[in-house]
Amino acid sequence: MPEDKQKLWREVLSPLYWDEAGKVVMLDQRLLPTREVWQSYTTTEEVVEAIREMVIRGAPAIGCAAAMAVALGARSLPDEPAAFREGFVRICALVAGARPTAVNLKWAVGRQRRVLEQTIGGGVAAARAALEESALAIWHEDIGFCRAIGKVGAELIPDGARVLTHCNAGALATGGYGTALGVIRGAVESGKRVRVYADETRPFLQGARLTAWELARSGIDVTVIPDNTAGALMQRGEIDCVVVGSDRIARNGDVANKIGTYTVAVLARQHKLPFYVAAPRSTIDLAMPDGKGIPIEERPAREVTHVGETQLVPEGVKVRNIAFDVTPRELVTAIVTEVGIARPPSESTIQRLFDTTLV
Ligand code: MRU
């Protein structure tokens, strides 16, 4: 790994980078926590497959990978402008369709489409260079947004808090630093003592494998619990608040996130605990009026029936593997973004996040 990328890895655990030789390099998150393996991809199709297979996952991270996948594909499209455009439309559609729920994927592809429109007049070479520059900008901006979310959100976390989180909305799920875990990192960096409870997050175990791995690596106190333990801990008074990330937030404040998030939000309401969602504005889909219209991914049954090679479910038994759920805004105390907080989430508090540069 080049020195500047190593620095980013050390500082913010950035799970991917752009290699100027024409490669997208990503940490294979399927192998964590036991193996740290970086994989190189040289075509759009390979990156799309890596997104589908969860080599990289988490809404902002797949947005960054998507922007890089488009820039990568543009390198090998024909030099003739009409053919280039035709190929560009094809790769954009391929990338945008890699996974359906996280809107960051479509957001990043949309931004690359606009870059093409603004630069193609200067020729195909100029457009290629601009797409690469824009992919890097999306990635670096995301790290900056996460740091800002961390600063804004740190204020919500009391000193000594015991924070429950679900899935992995950390550095590994973003350009680096993290959203929900960014809030926790921000609180820790501001001198607060924080203890984290990480839901293991069946079936893909992003909490047990990834959240635990990155927090332990960063020296932040973390305890993994089976998903069905959260209610009992709240009942015992051992949780002070919940912080999660999101894959798509509708205009009215409904929040799509990893399956099980809704359950945690209901539990938090029952126990009168604040339930916070941390996400960059690229996760807010202003074109989606409410959570009912958010496309929800269903993933392969094997993720439920097996852990690695071990079979857990009898052969032939039916399985549902719904990857995300929608938490209605009524259950969300506040949404934390890089420019401020929507509290309580509503069409007007969310719109305000886009009308202002810093709240
Ligand atoms: O299926 P995944 O691992 O991509 O799901 C990830 C999540 O649900 C995260 O909580 C969400 O993307 C926020 S990441 C900052």
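What follows is a set of questions and answers on selected features of a predicted model.

In this predicted model, local features need pLDDT of at least 70 and side-chain atom pairs count only at pLDDT 80 or more, while totals for chains, interfaces and linings use all residues. Residues are numbered from 1 along each chain as its sequence is written, and side-chain values use heavy atoms, with hydrogens and water left out.

Me: Which residue of β14 is the bridge partner of K258?
Reply: Strand β9 covers residues 255-258 and pairs with β14 in the antiparallel sense, over four bridges. Within β14, the bridge partner of K258 is F324.

Me: Which residue is joined to P203 by a cis peptide bond?
Reply: P203 is found in the loop between β5 (194-199) and α8 (206-217), where helices are DSSP runs of H or I with at least four residues. The cis peptide bond has an omega of about 0°, and the residue it joins to P203 is R202.

Me: Is T201 buried or exposed?
Reply: T201 is also placed in the loop between β5 and α8, and it has a positive phi of about 70° although it is not a glycine. Buried means under 20% relative accessible area, exposed over 50%, and partly exposed in between, using a 1.4 Å probe and protein chains only. Because its relative accessibility is 0%, T201 counts as buried.

Me: How many Å separate the backbone oxygen of G175 from a polar atom of the side chain of S14?
Reply: S14 lies in the loop between α1 (3-12) and β1 (16-19), and its relative accessible area of 3% makes it buried. Not counting residues up to four places away in sequence, S14 touches several residues (contact means heavy atoms within 4.5 Å), among them W38, W139 and G175. From the backbone oxygen of G175 to a polar atom of the side chain of S14, the distance is 2.5 Å.

Notes
Two strands pair if DSSP finds at least two bridges between them. Helices (H or I, at least four residues) and strands (E, at least two) are DSSP runs, numbered from the N terminus. A polar contact is a pair of N or O atoms within 3.5 Å; within protein, one must be able to donate a hydrogen and the other to accept it, and residues adjacent in sequence count only if both atoms are side-chain atoms.
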